[in-house]
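Here are some short notes for your review. Please read them with the structure open.

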Amino acid sequence: TDLVNFISCTGMLEAIFIDADYPGGAISGRVVPGALTYTLIEGLILQTMIQGTGLAMLELNQTIHAPVFVGDSIRADIEVTGIRPTSKHNRAVVDSSISIYNQHDTLVMHYRARRLLAGQPHAS
């Protein structure tokens with residue numbers, strides 16, 4: 001259902017996403033777009049780690065290492081790699097490294113994100 005809804009609203013009607021038996025396809029099985037894999041993890045990050053503090057995604061560098069298929073389970077390891085306060089109080093640019101793995105612990109995607117986040121003002 002997630003795949004069908006995603007490709008329908010984005011227009012990603014690539015044959016490998018909609019036909020598991022596509023003849024001549026380079027990958028057999030029902031492949032999930034990398035964009036869906038990324039956005040599912042981003043949704044979890046927004047709901048848990050940065051809820052109420054996210055202001056903007058400033059930069060994203062993504063590498064896809066292996067396909068994700070319908071029925072796979074994915075998880076992410078997230079490491080904050082840098083925090084730089086901005087000239088505006090109560091904000092910082094936060095860099096993170098996110099690695100996504102499937103149920104076999106195979107790295108399927110890695111991306112680095114730079115976000116503008118709100119925080120608490122410094123106590124005087």
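1. A cut-off first: a residue is exposed when its relative accessible area is over 50%, and buried when that value is under 20%. Please keep in mind that this is a predicted model.

2. Start at the surface. Ile83 sits in strand β4, which covers residues 74–85. Its relative accessibility is 61%, so Ile83 counts as exposed. Ile83 belongs to a nonpolar surface patch with Met49, Ile78 and Val80. Together the four residues have about 370 Å² of accessible area.

3. Now the interior. In soluble globular proteins, nonpolar side chains tend to be buried together. Here the largest nonpolar core has 22 residues. The members that touch the most other members are Ile41, Ile45, Ile98, Ile100, Val108, Met109 and Tyr111. Two or more residues each come from α1 (2–10), β1 (31–32), α3 (34–48), β5 (91–102) and β6 (107–118). Strand β6 gives the largest share, 5 residues.

4. Look at Ile41 in more detail. Leaving out residues up to four places away in sequence, Ile41 touches Ile74, Arg75, Ala76, Ile98, Ile100 and Tyr111.

5. Which residue's side chain makes a polar contact with that of Arg115? The partner is Glu42, at 2.7 Å. Arg115 is placed in strand β6. Arg115 counts as buried because its relative accessibility is 7%.

6. The surroundings of Arg115 deserve a check as well. Beyond neighbours within four places in sequence, Arg115 contacts Glu42, Ile45, Ile50, Ala56, Met57, Leu58, Ala92, Val93, Val94, Ser96 and Ile98. Two of these, Ile45 and Ile98, are also among the core residues named in point 3.

Notes. Residues numbered from 1 in each chain as written. Predicted model: local features only at pLDDT ≥ 70, side-chain atom pairs only at ≥ 80, totals over all residues. Heavy atoms only, no water. Core = buried A, V, L, I, M, F, W, Y, C linked by side-chain atoms within 4.5 Å. Buried < 20%, exposed > 50% of the residue type's maximum accessible area, 1.4 Å probe, protein only. Helix = DSSP H or I, 4+ residues; strand = E, 2+ residues; numbered from the N terminus. Contact = heavy atoms within 4.5 Å. Polar contact = N/O pair within 3.5 Å; in protein donor to acceptor, adjacent residues only side chain to side chain. Patch = residues over 30% accessible without salt bridge, like charges linked within 9 Å, V, L, I, M, F, W, Y side chains within 5 Å. Areas by Shrake-Rupley, 256 points an atom, 1.4 Å probe, with all protein chains shown as cover. Salt bridge = Lys/Arg side-chain N within 4 Å of Asp/Glu carboxyl O.
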